[in-house]
Amino acid sequence: MRDFLPEGWGVQGERGIAFVVTGPSGAGKSSVISELLRRDKRLTFSVSATTRPKRPDEVHGRDYYFLSEEEFERLLSAGELLEWTVYQGHRYGTPKREVVDRLAQGKDVLLNVEVRGALAIAGAGLPCPVVLIFLVPPSWEELVRRIKARGTESEEALQERLTIAREEVRHIPEFHYLVVNDRLERAVEEIQAIFVAERRRITRWSE
Ligand code: ADP
Ligand code: 5GP
């Protein structure tokens with residue numbers, strides 16, 4: 001490829017890209033992401049910090065860093081979070097090193113954050129493109145069915161997550177891609193197609 005490109009030009013896949021997956025709780029973000037990570041060894045997952053309690057099948061350091069309020073506060077005041085938010089009374093944040101260090105190694109970083117976090121990451125001045133992907137289920141009925149099937153939320157928490165979701169989908173026009181997670185396999189393939197296209201973008205390196 002180098003033989004054909006003028007000096008200072010390349011394709012984006014030669015360096016890191018940040019891919020952000022957002023969508024209502026229950027859309028299937030975690031399911032889709034774990035499959036993408038299994039299939040694509042160039043991707044690394046940005047493990048967020050959170051003060052929410054661990055779910056039974058979650059692993060500290062793989063799904064989240066499960067922190068106490070004090071530990072989260074320490075990260076925040078040390079300036080170690082790229083962005084953070086409060087969701088259902090719990091704090092969630094992206095540790096800078098999860099993103100910045102990996103990008104510097106030329107890896108692609110995959111993030112699972114809610115709408116405000118996604119837009120904050122896009123505006124954080126990262127030295128790479130930030131690709132914003134919004135994942136939706138095929139219908140509101142299916143969203144409710146999935147959250148119930150996961151069995152991790154009380155009825156009250158479910159209703160609150162749906163209220164948040166209605167607000168979140170209003171921001172879809174601020175994203176780059178919309179993917180419907182009807183069949184998991186198809187959603188994963190569509191996101192892989194986005195990865196291929198974004199890595200093939202012709203770009204001029206600034207330095
Ligand atoms: P999120 O991370 O967006 O909150 P999850 O990945 O936890 O969502 O998925 C919510 C529930 O829906 C889980 O029980 C998961 O197994 C299920 N699920 C995810 N994708 C699909 C799909 N395409 N079809 C049916 N069920 C799905
Ligand atoms: P859950 O409790 O279902 O794992 O996540 C709740 C919401 O928090 C989801 O929308 C998820 O994308 C979001 N989230 C997870 N980690 C982060 C983070 O580091 N920053 C932000 N802003 N949101 C996050």
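Start by selecting Arg-161, which is buried at a relative accessible area of 6%; buried means under 20%, exposed over 50%, and partly exposed in between, with a 1.4 Å probe and protein chains only. The model is predicted, so local features need pLDDT of at least 70 and side-chain atom pairs pLDDT 80 or more, while totals for chains, interfaces and linings use all residues. Residues are numbered from 1 along each chain as its sequence is written, chains are lettered from A and ligands numbered from 1 in the order in which they are written, and side-chain values use heavy atoms, without hydrogens and water.

**Salt bridges**

The term covers a side-chain nitrogen of Lys or Arg within 4 Å of a carboxyl oxygen of Asp or Glu. Next, show Arg-55, which also forms a salt bridge with Glu-153, the closest N and O atoms being 3.7 Å apart. Arg-55 sits in the loop between β4 (48–50) and β5 (64–66), and Glu-153 in the loop between α5 (140–150) and α6 (155–168), so this pair ties together parts 98 residues apart in sequence. Helices (H or I, at least four residues) and strands (E, at least two) are DSSP runs, numbered from the N terminus. With 14% relative accessibility, Arg-55 counts as buried.

The structure holds 23 salt bridges. For another one, go to Arg-42 and Asp-108, whose side chains meet at 3.8 Å, N to O. Arg-42 lies in the loop between α1 (29–39) and β3 (43–45), and Asp-108 in strand β8 (108–112), 66 residues apart. Are the two partners buried or exposed? Arg-42 is partly exposed at 37% relative accessibility, whereas Asp-108 is buried at 0%.

**The parallel sheet**

Stay on Asp-108, which is the bridge partner of Leu-43. Their strands, β3 and β8, run parallel and are joined by 3 bridges. Now colour the whole sheet: 5 strands in the order β3-β8-β2-β9-β10 form an open, parallel sheet. β3 and β10 (177–180) are the edge strands, each pairing on one side only. From one strand to the next the twist averages 25°. Two strands pair if DSSP finds at least two bridges between them.

Select α1 next: this helix lies across β2 (18–22), β3, β8 and β9 (130–136), at about 160° to β8. Axes are lines fitted to C-alpha atoms, for helices over the stretch in contact (heavy atoms within 4.5 Å), and angles run from 0 to 180 degrees between N-to-C directions.

Move to β9, where 7 of 7 residues are buried. Val-130, Leu-132, Phe-134 and Val-136 cover one face, with Val-131, Ile-133 and Leu-135 on the other. In a regular strand the side chains alternate between the two faces of the sheet. β2 and β9 pair over 5 bridges, with Ala-18 partnered by Val-130. β9 and β10 are joined by 4 bridges, and Val-136 stands opposite Val-180.

**Nonpolar cores**

Which residues touch the most other members of the largest nonpolar core? Of its 20 residues, they are Leu-36, Leu-110, Ile-191 and Phe-195. β2, α1, β3, β9 and α7 (184–199) each give two or more residues to this core, and α7 has the largest share, 5 residues. Another core lies apart from it, with 18 residues, among them Val-99, Val-109, Val-113 and Val-115. Such a core is a set of buried Ala, Val, Leu, Ile, Met, Phe, Trp, Tyr and Cys residues joined through side-chain atoms within 4.5 Å.

Centre on Leu-110 and display its contacts, including Phe-19, Val-21, Ile-33, Leu-36 and Phe-195.

**Aromatic pairs**

The last stop is the ring pairs, of which the structure holds 6. Select Phe-134 and Phe-175: the ring centres are 5.1 Å apart and the planes at 90°, so the pair is edge-to-face. Phe-134 belongs to β9 and Phe-175 to the loop between α6 and β10, 41 residues apart. Phe-134 is buried at 0% relative accessibility, and Phe-175 is buried at 9%. Rings of Phe, Tyr and Trp (its six-membered ring) pair if their centres lie within 6.5 Å; planes under 30 degrees apart count as stacked, over 60 as edge-to-face and the rest as tilted. Finish with Tyr-64, Phe-66, Tyr-87 and Tyr-92, which ring pairs link into a cluster.

Notes
Lists of a residue's contacts leave out its neighbours within four places in sequence.
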